[in-house]
Amino acid sequence: MGAQKSIHAGKAKIDVNVDFTHKLCASLMLPPLSNGSGSPLSLVIGSLCIKHPNLFGGSEKLDVSWDKGLYDSNVLMAYRRPRPEWLAQQSFIVQHSISPEIGVHGIPMDNFSRSGSGGVNLSRLSVGMDLNEPASSKWSSTTSIKFEHVRPLNDNGQSMSRDLDGFPVTCSGSPHDSMVILKQESRYAKANDHSFFHFSLQIEQGIPVLSKWLIFNKFKFVASKGVKLGPAFLLTRMTGGSIVGDMAPYQAFAIGGLGSVRGYGEGAVGSGRSCLVANSELTLPFNKMLEGAVFLDCGTDLGSAHHVPGNPALRQGKPGSGVGLGYGLRLKSQFGHFVVDYALNACQQKTVYFGISNLAS
């Protein structure tokens, strides 16, 4: 339910994708996040990508992309210079995004099965550089440094420094936060015909270039293991993290929702300085295109919600821990990968998730 078009202009390539399917799924899953009808274009999801493989004649690559959702948008520009394979590959990146902040400031609804708008949106502008280290057989790593400017907005697009309850939404107390972040990410992958194991570790350090800029240390890990059990496939995943130092509420770990604890709305389980989430899923193929799945998810903020400035989780009555279980279908086709999950949370509230992943390049 969409359209795709690729255009070649000299050496550059332009990809255009307009998708109407997400509108239908989102209307089934999400409550309205803002007031007002808006323009007809606000109901369309799409993307625009421009790629140039040889910008200045020395194999420099330029990628410019724009992605628009129902309630968010993201503009990314990346410039990559060619370097010998034994040296780290450099990328210069400029990015700007606007999205509703549902995970921390969203309001749980219908026994925590959905999250409504808390009236907070985030405008992020970042400028930085990535260094991709040469990968070994199983290990790879990326080091990046960037300047980030975060500005909370209300649903009318105006700057704000306090939420609907009068608590600060930034660390500085002003309408914006600024920070320089040094990030190191290491990844390990091992696979064979019967199983795989993936592990990633991200460490972020806020550098105090100026006295009012945020100083913090944050880490997050993801470990996943997949094993074939006859025709079935068992996937388990563990995710965790913590942050110390300066912190704005929007930096908290949000627990709940698709990709976290199913059966709950986004962030409806809790939001804290620390988190631990475990997922397990067993899939069984019915044919080449259709799979059935059963799953069990659980997550906790490890009692750290009261350490988040303003304690938004307590004010919204989030439980801090939760368990979700359910079943679903996975449909693979030439148009994309369709996912439907039916989940039940600890409050006996049912939730249906619709997901669409475009497989076309």
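Student: What average pLDDT does the protein chain have, and what share of the residues score at least 70?

Tutor: This is a predicted model, and its protein chain averages a pLDDT of 86, with 85% of the residues scoring at least 70. Over residues 20-37, however, the pLDDT is below 50, although this stretch has 31 contacts in the model beyond near neighbours in sequence. The pLDDT is also below 50 over residues 357-361, a stretch with ten contacts beyond near neighbours in sequence. Where pLDDT is low, the predicted coordinates should not be read in detail.

Student: Is Gly299 buried or exposed?

Tutor: Buried means under 20% relative accessible area. Gly299 has a relative accessibility of 8%, and therefore counts as buried. In the chain, Gly299 belongs to strand 18, which covers residues 290-300.

Student: Which residues is Gly299 in contact with, once its neighbours within four places in sequence are left aside?

Tutor: Gly299 is then in contact with Ile255, Val261, Val269, Leu276, Val277, Gly320, Ser321 and Gly322. A separate value concerns Gly270, which is 29 residues from Gly299 along the chain, while the C-alpha atoms of the two are separated by 8.8 Å.

Student: How should I read Leu282, and where is Leu282 found?

Tutor: Leu282 is found in strand 17, which runs over residues 274-285.

Student: Which residues form a nonpolar patch on the surface?

Tutor: The patch is formed by Leu282 together with Leu229, Leu234, Val294 and Tyr327, and these residues together have about 430 Å² of accessible area.

Terms used. Residues are numbered from 1 along each chain as its sequence is written. This is a predicted model: local features need pLDDT of at least 70, side-chain atom pairs count only at pLDDT 80 or more; totals for chains, interfaces and linings use all residues. Side-chain values use heavy atoms; hydrogens and water are left out. Helices (H or I, at least four residues) and strands (E, at least two) are DSSP runs, numbered from the N terminus. Buried means under 20% relative accessible area, exposed over 50%, partly exposed in between (1.4 Å probe, protein chains only). Contact means heavy atoms within 4.5 Å. Patches are made of residues with over 30% relative accessible area and no salt bridge: like charges are joined within 9 Å, nonpolar side chains (Val, Leu, Ile, Met, Phe, Trp, Tyr) within 5 Å. Accessible areas come from the Shrake-Rupley method with a 1.4 Å probe; for residues, only the protein chains shown count as cover. A salt bridge is a side-chain nitrogen of Lys or Arg within 4 Å of a carboxyl oxygen of Asp or Glu. pLDDT is the predictor's confidence in each residue, from 0 to 100.
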